[in-house]
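Subject: Structure handover

Hello,

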Amino acid sequence: MNIVQVSAEVAPWSKTGGLGDVCGALPIALAARGHRVIAISPRYKNYEGAWDTGVRVRIHLFGHAHEVGYHHLRKDGVDHLFVDHISFKRPGIYGDNTGVYGDNLFRFALLCRAALEAPLRVPIDGQL
């Protein structure tokens, strides 16, 4: 099967608790069973080994167009795509010591829309 997993957290790159752990381990287990797995999550910072695919996509959301990019890293049989946008570059995933980020709805809606485009636009090993 071809499987795409989308999550705000994927360990070891990003995690606040159990979601990050599960979304880090599940794709590896599925890939070990022979499935082609792409795990998509935000690029909160520069992740070692992840390279810029050069693919840019304009996402229309809440009345505006927003450009996202994609970084790719293959690890443990899983293709990880990290969605790059300025709104993800913050000290915390969901908030900081002053509280939750007021634009989380936008940020994670953008992630979902960018994830829908990724399998159609980002070639991985020459495949779309």
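Below is what turned up, grouped by topic.

This is a predicted model, in which local features need pLDDT of at least 70, side-chain atom pairs count only at pLDDT 80 or more, and totals for chains, interfaces and linings use all residues. Residues are numbered from 1 along each chain as its sequence is written, and side-chain values use heavy atoms, with hydrogens and water left out.

Core. The largest nonpolar core has 31 residues. A nonpolar core here is a set of buried Ala, Val, Leu, Ile, Met, Phe, Trp, Tyr and Cys residues joined through side-chain atoms within 4.5 Å. Buried means under 20% relative accessible area, exposed over 50%, and partly exposed in between, with a 1.4 Å probe and protein chains only. Ile 40, Tyr 44, Val 68, Tyr 70, Leu 81, Val 83 and Val 122 touch the most other members. Strand 2 (36–42), strand 3 (51–61), strand 4 (64–75), strand 5 (78–84) and helix 2 (104–121) each supply at least two residues. Helix 2 gives the largest share, 8 residues. Helices (H or I, at least four residues) and strands (E, at least two) are DSSP runs, numbered from the N terminus.

Strand 2. Ile 40 touches residues including Val 4, Val 6, Leu 81, Leu 111 and Ala 118, with residues up to four places away in sequence not counted. Contact means heavy atoms within 4.5 Å. Ser 41 is also in strand 2. Its relative accessibility is 2%, so Ser 41 counts as buried. Beyond four places in sequence, Ser 41 contacts Ser 7, Val 10, Leu 81, Phe 82, Val 83 and Leu 111.

Strand 3 and strand 4 pair antiparallel over 8 bridges; pairing requires at least two DSSP bridges. His 60 stands opposite Ala 65. The hairpin has 2 residues between its strands, and Phe 62 in the turn has a positive phi of about 55 degrees.

Rings. There are 7 aromatic pairs. Rings of Phe, Tyr and Trp (its six-membered ring) pair if their centres lie within 6.5 Å; planes under 30 degrees apart are stacked, over 60 edge-to-face, the rest tilted. Phe 88 and Phe 108 have ring centres 6.5 Å apart and planes at 45 degrees, so this pair is tilted. Phe 88 lies in the loop between strand 5 and strand 6 (95–96) and Phe 108 in helix 2, so the pair ties together parts 20 residues apart in sequence. Phe 88 is buried at 0%, and Phe 108 is buried at 17%. Ring pairs link Tyr 44, Phe 88, Tyr 94 and Phe 108 into a cluster.

Best wishes
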